[in-house]
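Me: Hi! Could you walk me through this structure with a few questions and answers?

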Amino acid sequence: MALKSASSLLTFYLTLGSFCLGNTADMSAFNNPGNGPPATYFAAADSLPISVLRAGAAAASVVQKDATYPFSLGSSETSTIHSDWLSFKEGAALSWVADMDVDCDGVNHNCEGNGDGQPQTNWGALSAYAVPYIVIPDRFLVANKDILPGNNIAAVICNGKMYYGILGDSNGDDPQIAGEASWLMARTCFPKENLQGNNAHSSKDVTYILFTGKGAVLPDNAMDKTYITDFGTLRSMGDKLVRALASNVETSTLSESAAPSLWTGREGIVMMIVVLFCAVLVTLAL
C-alpha cells in the first residue's frame with residue numbers, strides 16, 4: 001500500500017515537473033476530484049482590467065435569437081447571452097452573467113451528485129476534474145456553429161478573479177440552462193462552497209466571456225480528447241484575446257461618453273434659442 005502511494009506521488013511530481021519545464025504534459029495524474037491542476041495553470045494575468053469587462057458584460061444589451069435561458073431547472077429567472085462584442089475585429093466575444101452549476105460529462109460523468117451525466121462531451125470526452133471548461137445551451141450552439149466550432153477560449157470572472165477555459169460541452173436538458181462549468185472551474189472559482197453535481201453556486205454573479213471564430217480556438221497540439229496538455233498556450237491566447245477585448249470595450253465606452261449632446265454647452269444654448277425663436281415665429285404666424 002505504501003509502495004502504491006509512493007508511486008502515485010511520484011507520478012504527480014513528474015507531471016508537475018514536466019509541465020513546469022515545458023508546459024506540455026500527460027495530465028492524467030490530475031484526473032482526480034481533489035487533485036486537479038492548480039489555479040495558476042489557467043489564471044489570467046493580474047494586470048488585465050477585470051472590472052472593465054465585468055461592467056461591460058453587465059451593460060450588454062444586444063440579443064440574438066435563442067439567447068435567453070433559465071439559470072437552473074425550475075427557475076423563472078433567466079440569463080441572456082449577449083452579442084454586443086461580436087463585431088470587434090480583435091477579441092470578438094459573446095458574454096452573459098449567470099450562476100454556476102457543475103458539469104461532469106465526459107470521463108468523470110459519475111462525479112459526486114451527478115445523476116444524469118453523459119460519458120461524452122461535445123468534442124471528445126473531457127475530464128471535468130482536470131479541464132476548466134464551460135457549457136453553453138445546445139440550442140444556442142446549434143444556431144451559432146459558424147462562430148463556435150468548439151474548444152473556443154473562454155474567460156470566466158468569478159469571486160473577483162478571472163480564469164481561462166474552453167467551450168467544452170453543451171447543455172441539452174429540458175429546459176436548457178445557462179451558467180454551467182466543469183468541476184475544476186467551479187471548485188477553483190468557489191473553493192469554499194463544496195460544489196458538486198447537485199450543489200451549485202446560486203448567486204448570479206459570474207461573468208462568462210466566450211471568444212468566437214476559428215482564431216479563438218485552442219489548437220489541437222495543446223489538447224487531446226480528454227485533457228488540455230499545454231496550459232501555457234491557453235493562458236497566452238486568453239491574455240491576448242482579453243487585452244484586445246478590453247481595449248475595444250474601453251474605446252467604445254469612451255466614444256459613447258464623449259459623444260456631444262445637442263443640448264449641452266454653448267452650442268446647446270444656441271440650439272435652444274434657435275428652437276424657441278422658431279416656436280415664437282410659428283405661434284405668431286398662426
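Me: Is Asp66 buried or exposed, or in between?
Reply: Happy to start there. The relative accessible area of Asp66 is 28%. Buried means under 20% relative accessible area and exposed over 50%, with partly exposed in between (1.4 Å probe, protein chains only), so Asp66 is partly exposed.

Me: Before we go on, what kind of model is this, and how are residues numbered?
Reply: Residues are numbered from 1 along each chain as its sequence is written, and side-chain values use heavy atoms, leaving out hydrogens and water. Local features need pLDDT of at least 70, side-chain atom pairs count only at pLDDT 80 or more, and totals for chains, interfaces and linings use all residues, since this is a predicted model.

Me: Which residue meets Asp66 in a salt bridge?
Reply: A salt bridge here is a side-chain nitrogen of Lys or Arg within 4 Å of a carboxyl oxygen of Asp or Glu. The N to O distance for the pair with Asp66 is 3.7 Å. Asp66 sits in strand S1 (residues 63–70) and its partner in helix H3 (residues 138–143), 73 residues apart. That partner, partly exposed at 39% relative accessible area, is Arg139.

Me: How many residues apart in sequence are the parts that Lys204 and Glu77 tie together?
Reply: The side chains of Lys204 and Glu77 meet in a salt bridge at 3.3 Å, N to O. Lys204 is partly exposed at 35%, and Glu77 is partly exposed at 43%. Lys204 belongs to strand S8 (residues 201–211) and Glu77 to the loop between S1 and strand S2 (78–82), so the pair ties together parts whose separation in sequence is 127 residues.

Me: What is the handedness of the disulfide of Cys104 and Cys111?
Reply: A disulfide is counted when a pair of cysteine sulfur atoms lies within 2.5 Å, and those of Cys104 and Cys111 are 2.1 Å apart. Both cysteines are buried. The torsion about their S-S bond is about 100 degrees, so the disulfide is right-handed.

Me: And what is the handedness of the link of Cys158 and Cys189?
Reply: This disulfide also has an S to S distance of 2.1 Å. Cys158 lies in strand S5 (residues 153–158) and Cys189 in helix H4 (residues 183–189), so the pair ties together parts 31 residues apart in sequence. Both Cys158 and Cys189 are buried. With -75 degrees about the S-S bond, the link is left-handed.

Me: In what order do the elements of the chain run?
Reply: Helices (H or I, at least four residues) and strands (E, at least two) are DSSP runs, numbered from the N terminus. The chain has six helices and eight strands. From the N terminus on, the order is α-α-β-β-β-β-α-β-β-β-α-β-α-α.

Me: What share of the 286 residues is buried, and what share of the contacts joins residues at least 24 apart?
Reply: Buried residues make up 47% of the 286 residues in the chain. A contact means heavy atoms within 4.5 Å. Among contacts between residues at least 6 apart in sequence, the share joining residues at least 24 apart is 71%.

Me: What is the relative accessible area of Leu218?
Reply: Leu218 is found in the loop between S8 and helix H5 (231–258). Not counting residues up to four places away in sequence, Leu218 touches several residues, including Asn151, Ile153, Ile166 and Met237. Leu218 is buried, and its relative accessible area is 1%.
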